Structure formats: C-alpha cells, structure tokens
Amino acid sequence: MHRKKPITETHEMYLKTVHRLGEDGARARVRDVALTLGVSPGTVSNALKKLEDRGLVRHERYGDVVLTEPGRTVAECVDWRYQTLKGILVEMFGLDEASAEADACEMEHAVSPKTIRHMNAALERYRKHGLNLMPRVVRRARPQCLLCEESGECQGETRSSESDDT
C-alpha cells in the first residue's frame, strides 16, 4: 500500500457498516453488523472491542453499537470514498450496480485522500457536463482482458505459465 493508515481495512468496514445501520435513527446491533458483513457475532464483538479501545465506538455487551465522533468521521470518510468510486464505476464507466458495489468496496480502502479528492472532482464535472467516456474505454480493451472479464478472474497468470511449459 502506498500510504500509512491508522486503522485496518476491516475496521474501516466495521465503522462504515455501523454508520449505515445507525442512519435515520436506527439502532446498530452486533447481530445486524454480523449479518451485513457475513461474519459471526463473536467476530464482530472482537472487532468492536478493538475499535472501542481506540475510542471509535461505544458498545455495551448486548447493547447497541454507537460511533464516537472520531469513529463517525472515519466512517463518513470511508463511505464518501465508496460513494465516489461507485459513482464513477456506474455513471462514468457504465458498470452494473452489483459489480460497481463490489469493486468500490475493495477500492475504497486503497485509494489515497488526494486521489479520491481528484476522482470526486472528476465525477462532479462529469455529472455537470455529462461527458461520455465509455466508447473510448471499450475500444482500448485488450483481447485477453475481455477473456478475464468473461471468467471473472485474471487469466494472464494462467496463460503465461502455460506458455512457459511448452
């Protein structure tokens, strides 16, 4: 990774999830976080303990999970990165919602603050002026990349090792 981060990607996900579950006055509970992230309640409790030790959440056993002000700030930042990336993928690149959500969720943890600021500015310009980037992007796709897209995973590694054996 190209930057130091004060908390892990996993902890960022927990904070973002608690933030989203707690929107509109709803309550965030361990079981809801576990269901959302597809992990066990015990795993959630362990992560929340670490986040509580860092002053990012408050959680009483069997009670609601509440973000502290610093926790809310981190969660909102992570969500902003996610929304920016998802917007670019859907609106500018024409990806379907499910693919964009999965990819944005992975990318939100790796992009630097400077890069995401520039990406958000590009997305806002796109929204204002409606430029179409898709024809240029599709034209540049390499044939082997299209095979990877069809299979859902990179085929480059497999192809190069097969050619080494011959």
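Modeller: First, the ground rules. This is a predicted model, where local features need pLDDT of at least 70, side-chain atom pairs count only at pLDDT 80 or more, and totals for chains, interfaces and linings use all residues. Residues are numbered from 1 along each chain as its sequence is written, and side-chain values use heavy atoms, leaving out hydrogens and water.

Now the whole chain. It has nine helices and two strands. Both are DSSP runs numbered from the N terminus (helices are H or I with at least four residues, strands are E with at least two). Along the sequence, the pattern reads α-α-α-β-β-α-α-α-α-α-α. The chain has 166 residues, and 30% of them count as buried. Buried means under 20% relative accessible area, exposed means over 50%, and partly exposed lies in between (1.4 Å probe, protein chains only).

Next, the packing. Two packed helices are described by the angle between their axes and the distance between the axes. Axes are lines fitted to C-alpha atoms, for helices over the stretch in contact, and angles run from 0 to 180 degrees between N-to-C directions.

Take H1 (residues 9–21) and H3 (residues 41–53). They pack at an angle of about 95°, with axes 10 Å apart. H1 is therefore roughly perpendicular to H3. The cut-offs are these: under 35 degrees is roughly parallel, over 145 roughly antiparallel, 65 to 115 roughly perpendicular, and the rest oblique. From H1 come His11, Tyr14 and Leu15, which meet Thr43, Val44, Ala47, Lys50 and Leu51 of H3. A contact means heavy atoms within 4.5 Å. By class, the contact of H1 with H3 has five nonpolar, two polar and one charged residues. Ala, Val, Leu, Ile, Met, Phe, Trp, Tyr, Cys and Pro count as nonpolar, Asp, Glu, Lys and Arg as charged, and the others, Gly among them, as polar.

H3 also packs against H2 (residues 30–37). Here the angle is about 110° and the axes lie 8 Å apart. So H2 and H3 are roughly perpendicular too. H2 brings Val30, Val33 and Ala34, and H3 brings Pro41, Val44, Ser45 and Leu48. By class, the contact of H2 with H3 has six nonpolar, one polar and no charged residues. Val44 of H3 takes part in the contact with H1 and in the one with H2.

Back to H1 for one more residue. Lys16 is found in this helix. Lys16 counts as buried because its relative accessibility is 4%. Leaving aside residues up to four places away in sequence, Lys16 touches Ala75, Val78, Asp79, Tyr82, Cys105 and Glu108. One of these, Cys105, is partly exposed at 22%. Cys77 is partly exposed as well, at 36%. The structure holds zero disulfides, where a disulfide is a pair of cysteine sulfur atoms within 2.5 Å.

Ile88 lies in helix H4 (residues 69–92). Its relative accessible area is 8%, so Ile88 is buried. Ile88 touches Phe93, Met119 and Leu123, again not counting residues up to four places away in sequence.

Last, a loop. Tyr62 sits between strand E1 (57–59) and strand E2 (65–67). Most residues other than glycine have a negative phi. Tyr62 is not a glycine, yet its phi is positive, about 65°. At 74% relative accessibility, Tyr62 counts as exposed.
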